[in-house]
Amino acid sequence: MEPREAFASAGELTGGLGGTGYLADASLATVAWLALRLQRPLLLEGEPGTGKTALAEALAETLDLPLIRLQCYEGIDATQALYDWDFPRQILHLRAVEAVAADQARDVAQIEDQLFDQRFLLARPVLRALRESPAVLLVDEIDRADDEFEAFLLEVLSTWQVTIPELGTVTAATPPVVILTSNRTRELHDALKRRCLYHWIDHPGLARELEIVRSRAPEVSETLAAQVVSAVQTLRQDHDLIKPPGVAETLDWARALHELGSTSLDLETASATLGVAVKYREDSERVRAALDRILTS
Amino acid sequence: MSVPEAATLHAPDAVLLGFARALRASGVAVTADRERTYLEAVAAVGLMDPSGVYWAGQATLCSSPADLERYDQVYAAWFGLERAGTRPRQETSPTLTMAPLEGDQGSGETQEQEEDAVHAQASATEVLRHRDIATLGSAERARLAALFAVLRPRAPRRRAHRPTPAARGVVDARRTLRDQLRRMGEPGPIAWRRRGTRPRRVVLLVDVSGSMSPYADALLRLSHTYAATGLPVEVFTLGTRLTHVTRPLRQRDPERALVACGNSVPDWSGGTRLAQGIKVFLDRWGRRGMARGAVVVVFSDGWEREAPEALGEQMRRLRALAHRVVWVNPHRGKTGYEPVQQGIVAALPHIDDFVAGHSMAAFEELVEVVARA
């Protein structure tokens, strides 16, 4: 069966994702399900550490598809995203042909054709996704790439095909599931946004975050997990923090406390392990001063 | 859909399309193809699932966090219900009200002295270039506006990660081989490459509070000449709150750009909360990457009502992120000016360049300072 059609409703997708340990709320599940059903790329934005990349991984696992990841960075271009020719091997091939058939007359056109063969083609993530589709293509931190790259990506995402002059056009049999993530360091172009479904991922609420900690770090005792999550939730209420802790920090903190042999969070252990959750000097001073209040709330 | 009887007279698609239009009227950029995707998405989740319809609309019609708030408001107004999904969104930019600053809007006694004998003989334009903008009449301002078109802002350059072909540098093995391959393996000239340069981002933070109001128009025109060049430039206004105005200022026509900008800034000529504004900028944009390695230009007179230490702390954070911090103070250009305002005193240790910004000539200097940063 077509993997995109595997889930009849958003609720079923939530269940599927839950099976891999990714707990999506109703909104995210609905949008992800729509992205599958409407064959649209999904653009995820949100604070760092809210599980944007993890969703792509969980989707790939749930749908049992290969995950192909394209990490964007400044200056990325088509040869790194799409394909490149393996020049050293092509040269090697030329030399080999020379050595073997130095005295025989050979057809030049035939040797040329050999040079631009599939085996000399280095398929980069986007081409791989098109060829191996159905697959999940994760375009991570698209905001770090340049405008030109965005335009190039837009072309691929709207036609699901690329043309290699020497080989011809590669078209995806079924469009791959595409997840784009952005940290909003740069405003993306409207044309790209229009192609995509948009979702803003917030920090999870108390109950959901507790569920996440329980499923990801089952070794941590229940009281400790509850205390850590409620402390982190209180920290996030403080708008003056430079970097409020994300879910990853919550998990790290809970695990760190567990490793230290704690079964509950008290003033002393919290103060000693605060660096796991809060990563700025200004923040840790601020939090230390109010730790008493945070732990009792 | 859980819409009361009154709406049963209308077809569901008419109701949904009406909602999309209402959303567009509220300022969200809803285009026809987005409307179509919206209908498809709603059809996919089904009309019987109100929260599904809510999320489908949000995913297809919105494209930035700013749109989400508008979406919620219009959704509540159009469908007459509270939003179906529950998502406590934290107040990201608290609006703070403050009494406007009284007095001291730059004393007028020293300004006339600037017109010395040399300027008197120069052409009217030349005089205009050196006049303090705060002292200009409306006709002179109109003539000055035309002068902004002459400014040619250039972005400062930085070393790029990507190498570019060059006459010197390191051997570009790939290009050399590719050229060789084109000649069927025949050796030829060696290609070289070196790291190129790219424009640095320039971030302009314009104080539009009461004490800066004589200069606000000119500073925004200057910002527009920057934004309209297509360089990587971002513009924010600072007052009682921080407003991102890059998009309205990107239009080519300066008058339209200024009107669009004026419509999006809610706090003209109000009070200032410099430290708070810079903090919001750093938290929401700067630290994410906008200020990293950028040249940040702050246009302000440094009147800070709150504790000056807070401004010093925020400027320290800004300096730690930015490549260079330029502070433009219109009063700097006046004779006898001393940086004694508490805000400026707190900020000075964290500033790379402290320049004047009171006249066209000063703006020309500023353009040079930014280009060389």
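Keep in mind that the model is predicted. Chain A runs to 297 residues and chain B to 373. The biggest nonpolar core counts 99 residues, and 26 residues of chain A touch 33 residues of chain B.

**The two chains**

- Chain A is built from 15 helices and nine strands.
- Chain B also comes to 15 helices and nine strands.
- In chain A, 36% of the residues are buried, and for chain B the figure is 36% of its 373 residues.
- Take the contacts in chain A between residues at least 6 apart in sequence: 76% of them link residues at least 24 apart.
- Run that count on chain B and you get 73%.

**Nonpolar cores**

- Within the largest core, of 99 residues, the ones with the most contacts inside it are Ala32(A), Leu42(A), Val136(A), Leu137(A) and Val228(A).
- Helix H2 of chain A, residues 26-38, is the top contributor to this core, putting in eight residues.
- Apart from this core sits another one of 60 residues, which includes Ala216(B), Ala257(B), Val325(B) and Val328(B).
- Val136(A) is worth a click: leaving out residues up to four places away in sequence, its contacts are Ala56(A), Leu59(A), Ala60(A), Leu63(A), Leu65(A), Leu67(A), Ile68(A), Pro176(A), Val177(A) and Ile179(A).
- As background, nonpolar side chains tend to be buried together in soluble globular proteins.

**A helix pair in chain B**

- Helix H12 (residues 274-290) and helix H13 (residues 308-321) of chain B pack with their axes 8 Å apart, at an angle of about 30°.
- Angles under 35 degrees count as roughly parallel, so H12(B) and H13(B) get that label.
- The handedness of the H12(B) and H13(B) crossing is left-handed.
- On the H12(B) side, the contact uses Leu274(B), Ala275(B), Ile278(B), Lys279(B), Leu282(B), Gly286(B) and Arg287(B).
- H13(B) answers with Ala310(B), Leu311(B), Gln314(B), Arg317(B), Leu318(B) and Leu321(B).
- Sorted by class, the contact between H12(B) and H13(B) has eight nonpolar residues, two polar and three charged.

**Where chain A meets chain B**

- The contact between the chains involves 26 residues of chain A and 33 of chain B.
- On the chain A side, the elements giving two or more residues are H2, helix H5 (87-100), helix H9 (190-195) and strand E9 (197-201).
- The chain A side splits into twelve nonpolar, seven polar and seven charged residues.

- Pro134(A) sits in the loop between helix H7 (125-132) and strand E5 (136-140) of chain A.
- Asp64(A) isn't a glycine, yet its phi is positive, at about 55°.
- You'll find Asp64(A) in the loop between helix H3 (52-63) and strand E2 (67-71) of chain A.
- Asp64(A) counts as exposed because it has 9 other C-beta atoms within 10 Å, where 12 or fewer is the cut-off.
- Glu141(A), not a glycine either, has a positive phi of about 55° and lies in the loop between E5 and helix H8 (147-159) of chain A.
- Glu141(A) has 19 other C-beta atoms within 10 Å, so it is partly exposed; buried would take 20 or more.

Definitions and conventions
Residues numbered from 1 in each chain as written. Chains lettered and ligands numbered in written order. Predicted model: local features only at pLDDT ≥ 70, side-chain atom pairs only at ≥ 80, totals over all residues. Core = buried A, V, L, I, M, F, W, Y, C linked by C-beta atoms within 7 Å. Helix = DSSP H or I, 4+ residues; strand = E, 2+ residues; numbered from the N terminus. Contact = placed C-beta atoms within 7 Å. Axes fitted to C-alpha atoms, helices over the stretch in contact; angles between N-to-C directions. Parallel < 35°, antiparallel > 145°, perpendicular 65-115°, else oblique. Left-handed = near helix turned anticlockwise from the far one by under 90°. Nonpolar A, V, L, I, M, F, W, Y, C, P; charged D, E, K, R; others polar.
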